[in-house]
Amino acid sequence: MLDRLLAGTCVVLFSVLVLVVVWQVITRQVLQSPAAWTDEVSRYLFVWVGLFATALVFSERGHLAVDIVARMLPTAGRRVLGALVQVAVIAFALLLLVYGGIRAAGGAWDQQLQSLPFTLGQMYIVLPITGVLIAFYAIGDLLSILSGAVDPFPEETDPAVEVHLDPDEQAATGAGATAAPRTTTDENRN
């Protein structure tokens with residue numbers, strides 16, 4: 001349910017961002033009277049979309065990882081390294097996003113924005129919110145890694161790689177028979 005709420009929030013924020021930017025272009029280029037508020041709203045919406053989308057990516061374990069060395073480790077080593085990575089993510093989320101975000105929001109709570117009826121501190125509140133979400137997902141991943149329920153560095157499949165039978169092997173085995181598959185990529189399919 002939290003994943004759906006987070007995805008819906010990202011869709012709504014991005015949709016509003018697109019509408020605001022389109023209105024900004026219309027007022028600037030067509031009406032020759034730029035709406036001052038659109039620049040500020042689009043900047044904050046962009047940041048909010050980025051932060052909420054980051055939390056959503058953590059929920060799907062879709063974040064970037066350079067795991068070439070980790071995949072060479074034995075299972076126990078991958079599990080230890082995966083747990084350390086999750087602990088680092090939790091520390092980052094709690095220290096920088098939650099604690100730092102609360103301090104930044106508190107320090108800027110009374111700073112009025114130029115063209116919006118909000119304060120800078122209210123805009124910064126997204127930092128601790130997304131920090132809590134990222135920490136929540138990282139704690140869940142940490143528990144899954146420690147219990148052995150998931151491989152912290154699973155092998156990925158490349159959607160550009162498809163299994164094809166070699167034409168010579170197809171002819172040699174006859175119709176309906178199976179042959180050893182070979183893989184080809186989009187580049188060498190010609």
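In the predicted model, the axes of α1 and α5 approach to within 13 Å and cross at roughly 145 degrees. The crossing of α1 past α5 is left-handed. On the α1 side the contact is formed by Leu2, Asp3 and Leu6, and on the α5 side by Leu133, Phe136 and Tyr137. By residue class, this contact of α1 with α5 comprises five nonpolar residues, no polar residue and one charged residue.

Leu6 also belongs to the largest nonpolar core, which has 31 residues. Together with Leu45, Phe52, Leu113 and Ile134, Leu6 is among the residues that touch the most other members of this core. At least two core residues are supplied by each of α1 (2–30), α2 (36–59), α3 (75–107), α4 (120–124) and α5 (126–147). The largest share, nine residues, is contributed by α2. In soluble globular proteins, nonpolar side chains tend to be buried together.

The surroundings of Phe52 were examined with its neighbours within four places in sequence left aside. Under this condition, Phe52 is in contact with Leu6, Thr9, Cys10 and Leu13, and also with Val126, Ile129, Thr130 and Leu133. Of these partners, Leu6 and Leu133 also take part in the contact between α1 and α5.

The loop between α1 and α2 contains Gln32. The phi of Gln32 is near 55 degrees, a positive value in a residue other than glycine. Most residues other than glycine have a negative phi. Gln32 has a relative accessibility of 61% and therefore counts as exposed, the cut-off for exposed being over 50%.

Note on methods. Residues are numbered from 1 along each chain as its sequence is written. This is a predicted model: local features need pLDDT of at least 70, side-chain atom pairs count only at pLDDT 80 or more; totals for chains, interfaces and linings use all residues. Side-chain values use heavy atoms; hydrogens and water are left out. A nonpolar core is a set of buried Ala, Val, Leu, Ile, Met, Phe, Trp, Tyr and Cys residues joined through side-chain atoms within 4.5 Å. Buried means under 20% relative accessible area, exposed over 50%, partly exposed in between (1.4 Å probe, protein chains only). Helices (H or I, at least four residues) and strands (E, at least two) are DSSP runs, numbered from the N terminus. Contact means heavy atoms within 4.5 Å. Axes are lines fitted to C-alpha atoms, for helices over the stretch in contact, and angles run from 0 to 180 degrees between N-to-C directions. A crossing is left-handed if the near helix is turned anticlockwise from the far one by less than a right angle, and right-handed if clockwise. Ala, Val, Leu, Ile, Met, Phe, Trp, Tyr, Cys and Pro count as nonpolar, Asp, Glu, Lys and Arg as charged, and the others, Gly among them, as polar.
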